[in-house]
Amino acid sequence: MAPLSIIESLRQQIASCEAQLQDLRQQLAEAQDQYQQREQDRWRQVTTNDPLTHDMTYGIHDDFRSEVFAALSQVEEEHPVSRRWPLDRSEYKRYGRQLIMPEIGLQGQLCLKNASVLIIGVGGLGCPAAAYLVGAGVGTVGLVDGDIVEESNLHRQILHSTVKVGMSKVDSARVSLSSLNPNVKIVPHPSRLTPESAISVIQPYNLVLDCTDTPASRYLISDTCVLLGKPLVSASALRTDGQLIVLNNPALPPGDTRGGPCYRCVFPKPPPPESVISCGDGGILGPVVGVMGILQALEAIKVLTQNAQRPLASASSTPGNMTSEPLPRDPPTLLIFSAYANPMFRSIRLRSRKPKCATCSAQASVTPEALNSGSLDYVQFCGSVNPVDALTPNERISVENYAKIRIEVNPFTGMTPSKDSHILVDVREKVQFDLCSLEGSVNIPFSTVSGTSSNATNGTDPGNEERGWVSALRKPSDKPIFVVCRLGNDSQLSVRKMKELGLDYGGQRWIGDIKGGLRAWRENVEPDFPDY
Amino acid sequence: MASSKLPPGHFSILYFAAASTFTGKSTEHMPAPVKARYLFGKLEQSYPGIGEKVLSSCAVTVNLEYIDIDGDEAPHLNLMIKEGDEVAIIPPVSSG
């Protein structure tokens, strides 16, 4: 009967098992990687450009395999069965359903097999995109991500599973993808892309998928792809909306007007930083981002196999070389997805490269030298939001002190604790307020607060609801108002607004915010308060 | 989103992503014709602040065709938005 020691012992056992598990996962990832490398090496030992060495090697480089076999088949062949067909027996079986489609066929499959695709961001977009590209048999897939798997990722990032929480996203994805298709070589890049690393990371690949989540990374990736001549499939998603664009396709040098537009041609100016909303703040529906990621995989397959549909005579040109003579292609489009609109998809016709584009025009200022030297500051270009600091220390209260007010004497007014001693205003949006809230709090969403004009004679009509909340707070004029939100930013701006509206009666009444919001409340006062 | 009936003498305007959040609407009608160069000004009148906070970084389309009205020498400043046209305001979405 020593419950405490039992608890402690169980904790230790769990910790030890978790450590073992973590270790095993690492070993598994490494073992799978090594196995793959060996398999890869077996089948493509040589990538020499010397045409005379082809038939001397055991594994002919895939680029040449079809050519070599075409040539050999004219002679009476006496070769081992394993060399007879351009794909392995298991590959015919595995890819059979797409091989029999005229859009792909044998040449298309060989294009995929010889191609390398870099997926930047292994989250809501990158997971489904990677799954379909690996499934389709793209030869090499690189994964770039510096994050680790979190529980809040799992509803949409389909390569990561519950047991992988805490693992790096790149390792987690590698394990899933290797079991999906061991023929594909997965190359891990377990760190965030930076201007200094972009060229060397992207260089070895034929095509890039932008599956990232910030404006700065979008401009960086697009610029680098233009400089290196790589086509780029870019997608994004937030809440119920998504966007998809195939950029720099064909990937011709800057200044060549026949090349496809880049991200800067479509969006020359980044959005103001305060308007940029992450999935963590704005929310995201799994299938919305999933659809966009899958469409990226689809566009990637189309780009990689576009040369396969050429007449056989010219099909021998190096697959994956997108910069060869441009073919007539569909004009570039921006696909807009709105899950709750009708129609859900809109396809916008884009123009070609912008004549004065900073990256892909003849007047381009973005150069490899500028990128490498770090003189292109993407974070500065896109701006950043400083934490809100709108109030003086006297207008703020810590969660610990607020907790005391709820149970002890109010340090500001000397009042004894009571539910009615103060007003607690929660300015999160209603849908969040409905998830969980502090007892006795009143919900006045920030959008309502910020949308209320502080000047009654202003032309914009404040509407009944908004006037309602102001007058409701005006009535019990002696009670202090505490404002809380999720993280402690909107609450400060709301306090400002309330004072502008005169709710503090020229300083007679205390209005202030709870520092750090409900996150701080959970961390320091009430651990059971839901974390969403 | 596809609005039911477009009154005569109007064009429809679609707001996506941040533009929809800012206006609180996904679509509305506006009187036609309007020269493309005056479009943002009209929107600023209806939604003070939208120019700086949203429109400055947006793509704009007329009848599913991208138009360039950014800067004094942009090619589509004199394009006339006519009755029955569909204009879309498309802010970049960057998360994923």
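Visitor: In what sense do strand 10 and strand 12 of chain A pair, and over how many bridges?
Guide: Bear in mind that this is a predicted model. Strand 10 (residues 423-426) and strand 12 of chain A pair in the parallel sense, over four bridges. In that pairing, A:V425 stands opposite A:V483 of strand 12.

Visitor: And which bridges join strand 12 to strand 13 of chain A, how many are there?
Guide: Three, again in the parallel sense, with strand 13 covering residues 511-514 of chain A. There A:V483 stands opposite A:D513.

Visitor: What do strand 12, helix 19 and strand 13 of chain A make together?
Guide: They make a right-handed β-α-β unit, with helix 19 spanning residues 490-500 of chain A.

Visitor: Are the faces of strand 12 of chain A covered or open?
Guide: Both are covered. A:I481 and A:V483 are buried on one side, and A:F482 and A:V484 are buried on the other.

Visitor: OK, zoom out a bit. What's the strand order in that open sheet of chain A?
Guide: Five strands of chain A, in the order 9-13-12-10-11, with parallel pairing. Strand 9 (396-397) and strand 11 (442-443) of chain A are the edge strands, each pairing on one side only. Strand 11 is joined to strand 10 of chain A by two bridges, and the two run parallel. A:D426 stands opposite A:N443 of strand 11 there.

Visitor: Let me jump to a loop. Where is A:Y505 found?
Guide: In the loop between helix 19 and strand 13 of chain A.

Visitor: Is A:Y505 buried or exposed?
Guide: A:Y505 is exposed, because it has 12 other C-beta atoms within 10 Å, and a residue with 12 or fewer counts as exposed.

Visitor: Now strand 4 of chain A. Which strand does strand 1 pair with, and how?
Guide: Strand 1 (residues 116-120) of chain A pairs with strand 4 of chain A in the parallel sense, over four bridges. A:I119 stands opposite A:L209 in strand 4. Strand 4 also pairs with strand 5 of chain A in the parallel sense, over three bridges, and A:D210 has A:S234 of strand 5 as its bridge partner.

Visitor: Switching to helices. Which residues of helix 8 of chain A are buried?
Guide: A:P195, A:A198, A:V201 and A:I202, in a helix that spans residues 195-202. Seen down the axis of helix 8 of chain A, they fall within an arc of 110 degrees, so they line one face. The face turned away from that buried side carries the exposed residues A:E196 and A:S200.

Visitor: And helix 5 of chain A, how many of its residues are buried?
Guide: Seven of its 10 residues, so to say mostly covered; the helix runs over residues 105-114 of chain A. Among the buried ones are A:Q109, A:K113 and A:N114.

Visitor: Which residues touch the most other members in the largest nonpolar core?
Guide: A:V117, A:I119, A:A130 and B:I89, out of 107 residues. Helix 12 (residues 286-305) of chain A gives the most to this core, with 10 residues. Apart from it lies another core, of 23 residues, including A:L424, A:I481, A:I511 and A:L518.

Visitor: What does B:I89 touch?
Guide: Leaving out residues up to four places away in sequence, its contacts include B:I13, B:F16, B:L55 and B:V60.

Visitor: Last one: how many residues of chain A are in contact with chain B?
Guide: 41 residues of chain A, in contact with 23 residues of chain B. Elements giving two or more residues to that side of chain A include helix 9 (215-228) and strand 5 (232-238). By class, that side has 21 nonpolar, 13 polar and seven charged residues.

Definitions and conventions. Residues numbered from 1 in each chain as written. Chains lettered and ligands numbered in written order. Predicted model: local features only at pLDDT ≥ 70, side-chain atom pairs only at ≥ 80, totals over all residues. Contact = placed C-beta atoms within 7 Å. Nonpolar A, V, L, I, M, F, W, Y, C, P; charged D, E, K, R; others polar. Pairing = 2+ DSSP bridges. Buried ≥ 20, exposed ≤ 12 C-beta atoms within 10 Å, placed from the backbone. Right-handed = clockwise from strand over helix to strand, strands pointing away. Core = buried A, V, L, I, M, F, W, Y, C linked by C-beta atoms within 7 Å. Arc of directions from axis to C-beta.
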